Amino acid sequence: MDASSVLFSIIIPTYERRDIVLSTVSSVVATRRPWPCELIVVVDGSRDGTVEALRGLDLPLPLTVHEQPNQGSAAARNAGAAAARGRYLLFLDDDMTVEADLLVEHGKTLAAGADAVVGHMELDPRSPRNLLTRGIERWAAQRKARLDRSAGRLGVGDFLSGQLSVRAEWFARLGGFDAGLTANGTFGGEDTDLVYRLLQDGARVRANLSAVSHQHYVVSPEQNIRQWTQAGRADTMLARKHPGLGAILTANHGGNTAAGRLLRALAMLPDGVTRAAGEVVVRRVGRGRMDLPTEYLFARFRDSVYWRAVRQNGGLDVSADAGPLILAYHAIADLTDSRNGQYGVPPELFAEHIAALREAGHRFIDADDLLEHLDGRPLPPRSVLLTFDDAYSSVLTDAAPVLDRLGIRGVVCVVGDQIGGYNAWVADHGGARLPLLDAAQLATLRAGGWEIASHSRRHAHLTTLGAGDLRADLRAGRDALTAAGLGTPRIFVYPYGEHDSRLRAHVRRAGFDAALAVTTEHAHPGPHNRYALPRVEAKRDTTPAALLRMMADPARTRPGVRVGRELHALATAVGVTAVLSRSRRKGATGAGVGSPAAWCGEFELSGDLAPTGVVAARDETTMRVLVRLHGEPLGYLSLPRTGTAADVAEIRAAAWREFGAALQAHLAAEGARIPADSERTAWRPAAAPPACPNRVDTDELFSVVVCTRNRSESLPACLDRLAAVDHPAVEFLIVDNAPADASTELLVKSYAAADERFRYLCEPRPGLSRARNAGLAAARGRYIAYTDDDVAVDAGWLRGLARGFQRRADVVCVTGLVGTASIANDSEAYCDARLLSWSTRTSPQLFDMSASRRSDALYPFSAGIFGTGASFAFDRERLVGLGGFDEALGAGTRTRGGEDLDAFVRVLLGGGAIAYEPSAVVWHHHRADEDSLLQQMYGYGTGLTAYLTKLVLHADTRMQVLRRVPAGLARIALIKRQTDERMAASVTAPRGALRREFTGYLAGPWLYAAARRAARRSEART
């Protein structure tokens, strides 16, 4: 074969893996090869018969077997390259079997202009199934998904030589692999080094995910630990060789996280401190254990040996913080506004800035360059990216012409709700009103290569928003750009430059590739700070000379400022939010600054009225509205409130924006016409037709039981709402539980005199379960519904419950949506956040014991997923058959709760189903003062573990519950974080609320035992 005709030289280094490398060679032979190729296998000191086996092969392509003493994979690859004749060098690990089109795919990408190609590596199904191979499988899937999302942008972690092709002239120009990194057969670093040097020298490195190989992974846990030790050594060498790479490697290994810093600190301890425990974990992995604790401990031990090796070899040099710079501009205009004029840079001064930067040797980059740098790609020295916050019209008229002439493309940062609008966050507070770019103008910039970034929805102070509002703002800001035809934004820009750890996490989870701040603790952007990239801010008084000085020595946030910025985000983890919130709200009243107040109500789209609520609106400036169509809940909207007709227009517009799919499904089920986009603002649906999916036709008698104790003053509000229920066949049984006086009896009998549907019952023994059982004994209806005396029922409540029973023949219990009636203070806000699962689900659900329901590790013993005793109904005969409610559980007993959870589980274990029906709406008044809330939280805790204790004491359910204890403890550990995420930043969590709940968890088992004894004594006396 003529050497000049060889296109691919396939180079495979191998050491002591004869059978595996033979399999790899066989897969290479089976590939499609439209051009001449050669195969070179470098046997790096093997003594297992590899050479003889290879030389005995009869292959359809030239094979060279090169022998050498063991020198490591880098030296072996270099030896193969030295013997190669091909235009392209394809390096494969000896444990890679390749798919038939591998060479074709590499050839395709190289022919398209790439200088090097990295392919996709999957786990070979022949690999043994163990913890390590499961990790390889997961890594491969995550890597592929990330490369898919980033259009093939490669990060340092992707620089792998297990399947890498490179042009021979580039390989020779760089001098091949650095053999010193893997001298004496050690592992790691040579592939990262080669690709990093390729990129530094301007090579075009691309990923081709259609070039697939499969790794036959047969590494033992002990070998894996040795490899990580060797990788730590190699990375320290890389960091010394390539200034700036140390920070990237530190970030890639999680060294900047709290866990990473802890592991780095532990690496300074004597080796024996962690070695003994680590060896136990390694043995567990070797025996095939794949449970989560073993996986977690093995990963942490592996990290610890990596950081120990890093420390022993001199550490990763992160001092070289050199990198690109990002410049932040706002308006390119000569503003005289005393309030915000400093953020306007006159056009002449802007042109002088650009000229000074070019004269100083700065190179302008675009957003693609920045994102590739964040993934590990080096950039030329003195690189600069230009950004323009708020998307002022002057960017197009006064900045773009200057930049276009020079081929410079910037980033324009757009506020989603103000596309084509004005700078409301400035002008509405006394600043100059300036026009912003409209969609067509932004599209012009985008067509010219500019990046369109999201600058939030309204330019709000995002660090003050609760988790739900924050997620909504990020989503709405992004969706506004997409809807305007401007693509999906990749970069987020923090309004006012404000960010903290909580906000950064939300931005990352929202799917953005990076986020821009202003001044941070770092001078330059990099992978370690991709969600808080620092920028140098140019203002009206920034002269060209001052700009160059600022860029030569970028400002950094002082440690004290950083601590203050993060204090609120960290406070939820260390329990000091109350201090911060009190200081923030000192002197505030009503629903003013810092108040958690939000008006709660509902809005029926088919009506013409304003939104209505159980509690009248006061001066709240925000509202949470349950949107309904013909009674069917579509979902909640959290919106600003003005108290004017504008609120109705905003609700209608937001309903189509947020619930458009549900609205269309409802209208389609009715056979109604779906309005066009242009008609939706003024659209008013007709009354519910016979085909309405929320329509229920039944005249079955419902018995409604309300149990009450010494609340005659507040009870009329509950009874009035009951009287307005529109079901045709209903009786109301008001059970007076161990009353202190006759006031409740007189009240109920006065209602009964005017409305024969009301009946008064007395249960002299205290306890909610006893009162409910008394109602059950007196009930005459086919269905029996229960609600509480602090609840306001919807007029269609019973129709919703009836709908639930009609969903399936085996439904024994139906629960409904329990909305929050009022959020006027911190106690109500905390309770709302803690019990959010009651009030936010607006899709029907069915629960039973089928296998499909068992994906939740706690099912069916989960708390909160089925509903709550504030609104539930039963097939009366089936409830009687279950024995009613356990009288050792519930309010009024020592356990204080748990009777509803117990009833739910008995329904399911008895073969019945539970239907959650959101159209069965009631409104619940949460505890409005701190003392009552703390008692309620304690009762939730005692009730939960009391009911679980009952299940443990029964042989039929004991092991089912005990097996779920680890998952249950993990779920409990998340309570605080989840509750804090749901609360607005202005809410002070009542001091000790979580502690009281956890104390209840501990007390519940003992209280159940005591309540059970008390119940038996009461039964004996009876």
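I call a residue buried when its relative accessible area is under 20%, exposed when over 50%, and partly exposed in between (1.4 Å probe, protein chains only). This is a predicted model, where local features need pLDDT of at least 70 and side-chain atom pairs count only at pLDDT 80 or more, while totals for chains, interfaces and linings use all residues. Residues are numbered from 1 along each chain as its sequence is written, and side-chain values use heavy atoms, leaving out hydrogens and water.

**Cysteines**

I looked up Cys600 and found it buried, at a relative accessible area of 3%. How many disulfides does the whole structure hold? I searched and got zero; a disulfide here is a pair of cysteine sulfur atoms within 2.5 Å. The closest cysteine sulfur to that of Cys600 is in Cys831, 12 Å away, so it is too far for a bond. Cys718 is buried at 3% relative accessibility.

**Two helices**

Next I checked H8 (residues 221-241) against H12 (residues 292-312). Helices (H or I, at least four residues) and strands (E, at least two) are DSSP runs, numbered from the N terminus. The axes lie 7 Å apart, at an angle of about 35°. Axes are lines fitted to C-alpha atoms, for helices over the stretch in contact, and angles run from 0 to 180 degrees between N-to-C directions. I noted the residues in contact (heavy atoms within 4.5 Å). Among them are Trp228 and Arg233 of H8, and Phe298 and Tyr306 of H12.

**An enclosed helix**

Why is H26 (residues 768-778) described as largely enclosed by the rest of the structure? Because nine of its 11 residues are buried. I listed several of these, including Leu768, Arg770 and Gly775.

**An exposed loop residue**

I found Ala687 in the loop between H23 (645-670) and E20 (702-708). Ala687 is exposed, at 64% relative accessibility. Its C-alpha atom is 16 Å from that of Ala795, 108 residues apart along the chain.

**The sheet**

I traced an open sheet of eight strands with mixed pairing, in the order E3-E2-E1-E4-E7-E6-E8-E5. Two strands pair if DSSP finds at least two bridges between them. Which strands are at the edges? They are E3 (63-68) and E5 (96-98), each pairing on one side only. The twist averages 30° from one strand to the next. E4 (residues 88-92) and E7 (residues 163-167) pair antiparallel over five bridges. Leu89 stands opposite Val166 in E7.
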